[in-house]
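Let us look at a protein model together.

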Amino acid sequence: MLIIGIAGGTGSGKTTVVRKIIERLPAGEVVLLPQDSYYKDNSHIPLEQRKLINFDHPDAFEWTLLAKHLALLKEGKSIEQPTYSYLTCTRQPETIHTEPRDVVIVEGILALCDPQLRAQMDLKVFVDADPDERLIRVIQRDIVERGRTAQDVMERYTRVLKPMHLQFIEPTKRYADIIIPQGGDNEVAIGLLARFIGKSLGLNP
C-alpha cells in the first residue's frame, strides 16, 4: 500500500490533481480520504455560531480519527468514512464504507500539518498556485457549491483564508517531497507523479 498526502491552499487545484492522478491509474486502485470529511462534529453549536468557526485552522479537524482510519486501512481493515455538509457545517449521519486499496490519498489544505498523520505517509505532495488564481477559484466554487455571496467570500478570504494560509498551510510546504506549481494545470508534474505511483505499485498507468 502507498499512502500519499496531498496538501495546498484553498483553490490551489488539489482536487483536480487528485482526479487526474486517479484517471491515470487502473480503476479501483485508489481510496480517497478528503480531510474535509474529518471536520469536528459541531452539531451541538447553533448554526449562526457554526458559521463563524475558523475551518482553516488545525483545531477544526478531528486528527485522531483521521490517523486512526488511515492506520486501519494500512492494516487491511475497512472503515466508515464520515461525511460533512458545508451548508449546515455539521457532520452527517451517513458514512461511506471504505475498503483498503493499493493507493490511499489523504487530500486537504492541512494534510501535511499533523506529525502523526505525516509519519504514516509514503509520499507528501504540496500543490502550489498563485494567490490571485486561488481567490478566483474560491469565489467561483463557494458561490456555486456552498451558497455564499461574492461579498461573503471576499470577507472570509480577508479575515480567514489569507492569514490561515500564511500561518498554517504555506509552512507545510517544507514537508513535501514533491511540489506541483500551477496546480491542476501542470500536466507534466501530474504525469510524472502518476508514473511514479504506478511504478511503485508495479502498475502501468
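This is a predicted model: local features need pLDDT of at least 70, side-chain atom pairs count only at pLDDT 80 or more; totals for chains, interfaces and linings use all residues.

Residues are numbered from 1 along each chain as its sequence is written, and side-chain values use heavy atoms, with hydrogens and water left out.

Q: What is the volume of the largest cavity?
A: A cavity is a set of points, on a 1 Å grid over the protein atoms alone, where a 1.4 Å probe fits but cannot get out. Points are joined across faces, edges and corners, and the volume is the space filled by probe spheres set on them. The count comes to 1 cavity of 30 Å³ or more. The volume of the largest cavity is about 40 Å³.

Q: Which helix gives the most to the lining of the largest cavity?
A: Lining residues have an atom within 4 Å of a cavity point. Helices are DSSP runs (H or I, at least four residues), numbered from the N terminus. α5 (131-145) and α6 (150-169) each supply at least two lining residues. The most, 4 residues, comes from α6.

Q: How many residues of strand β3 are buried?
A: Strands are DSSP runs of E, at least two residues long. Buried means under 20% relative accessible area (1.4 Å probe, protein chains only). β3 spans residues 79-85 and is mostly covered. Of its 7 residues, the buried ones number 6.

Q: Which residue in β4 stands opposite Ser85?
A: Two strands pair if DSSP finds at least two bridges between them. Here 6 bridges join β3 to β4 (residues 90-98), and the strands run antiparallel. Opposite Ser85 stands Thr90.

Definitions and conventions: On a 1 Å grid over the protein atoms alone, a cavity is a set of points where a 1.4 Å probe fits but cannot get out, and a pocket is an open set with protein on both sides within 12 Å along at least five of seven lines; lining residues have an atom within 4 Å of a point. Buried means under 20% relative accessible area, exposed over 50%, partly exposed in between (1.4 Å probe, protein chains only).
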